[in-house]
Amino acid sequence: MEKIEARLEQRDKDRKAKLEEKQEIRNRDASKSEGIEYFEVTFNEKVREIQNNLNNLEQGDTNLPSTFTKIGTSLQELQRYLSSSTFFLNDRKVQKCQETLKGLTALLEERKSKLIPKKKFGFRNKTLVVAKDAQITSADDTDASATTKKLFDYSVHDKSNEIISFKGSDANEKDLTVANLDACLLDIEGHPGSLHLKNIQNCLIISGPVSRSIFVENCKNTTFQIACQQLRLHSSRECDIYLHVTSRGIIEDSSEIRVAPYSLNYDGISQDWIESKLPHDRNNWNDIADFNWLSAEQKSPNWNVIEEAKRVVDWDSYVTEWKEKHMKS
């Protein structure tokens, strides 16, 4: 009799475990779908904007070359946005978006060919001009595609024990990409378009409001002051994040993450909030989805809220103390 009861009890436990597992999978899928829905809205808005810009081009406009360059830059930014989002998109969605980008690129070239006829071939001396950002272009070539494409607006990498600063026009609406930093202070005053951080350790990252996404990968023992629409944190540990995020922050393959509300202040930050178009009154700093934690009933142990008494309040003093402690003189 006892054996029968034991089997029935075990069967009931197995049934409940399966039900819980199904619920956990549904919750995980819901978290992923939130990121996917936001991506679709953002991606489609950018596609419509580029299409409208292409459709509004008129022959005879003296600004056509620069306009084509701006549209080409928008396409590059959209490609980067897709590339940074592939970790939560399925292959079919990525392929569909790539086809959309190919179609826009073809339309760009078709409009360019129609509105800016190519010059007749001829031999002539050309002087090469090297711009300060290392782009090489022919001095007498007015074709918008003559400029060598840059991978990013800015790229900072392989720095140690340095203060890296972006302010105003150096940061505003730019896609900033930073990699391989050790014991550095990254100070951004402005409203970047996006921020991609990779291989960061023992650093302090302080940034004004970012219009779109922040993607953090392989970071350790680093403190962040960041605000954005989307946060994706991958393969990171021992990080404190003072966060403003208008969607739901997502972490994956990460541990010992602590969060608190964004509290940065500097001269001009109010205008940066306005120009970033980031809602100031909606902050989901303590609503974090962990893709490695399936339980719907228990919070992930991989992240926690910083106790209010232990949060940084005076950031000017904190930055000074941090530099004295972490940076070599």
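Rings of Phe, Tyr and Trp (its six-membered ring) are taken to pair if their centres lie within 6.5 Å, with planes under 30 degrees apart counted as stacked, over 60 as edge-to-face and the rest as tilted. The model examined here is predicted, so local features need pLDDT of at least 70 and side-chain atom pairs count only at pLDDT 80 or more, while totals for chains, interfaces and linings use all residues. Residues are numbered from 1 along each chain as its sequence is written, and side-chain values use heavy atoms, with hydrogens and water left out.

A search of the whole structure returns five aromatic pairs. One of them, Tyr242 with Trp315, is edge-to-face, at 5.0 Å centre to centre and 90 degrees between the planes. Because Tyr242 belongs to strand E11 (residues 237-245) and Trp315 to helix H5 (residues 315-326), this pair ties together parts 73 residues apart in sequence; helices (H or I, at least four residues) and strands (E, at least two) are DSSP runs, numbered from the N terminus. Tyr242 is buried at 3% relative accessibility, and Trp315 is buried at 8% (buried means under 20% relative accessible area, exposed over 50%, partly exposed in between; 1.4 Å probe, protein chains only).

Tyr262 and Trp273 also pair edge-to-face, since their ring centres are 5.9 Å apart and their planes at 80 degrees. Tyr262 sits in the loop between strand E13 (255-261) and helix H4 (269-276), and Trp273 in helix H4, eleven residues apart. Both Tyr262 and Trp273 are buried.

Elsewhere, ring pairs join Phe39, Phe43 and Tyr81 into a cluster.
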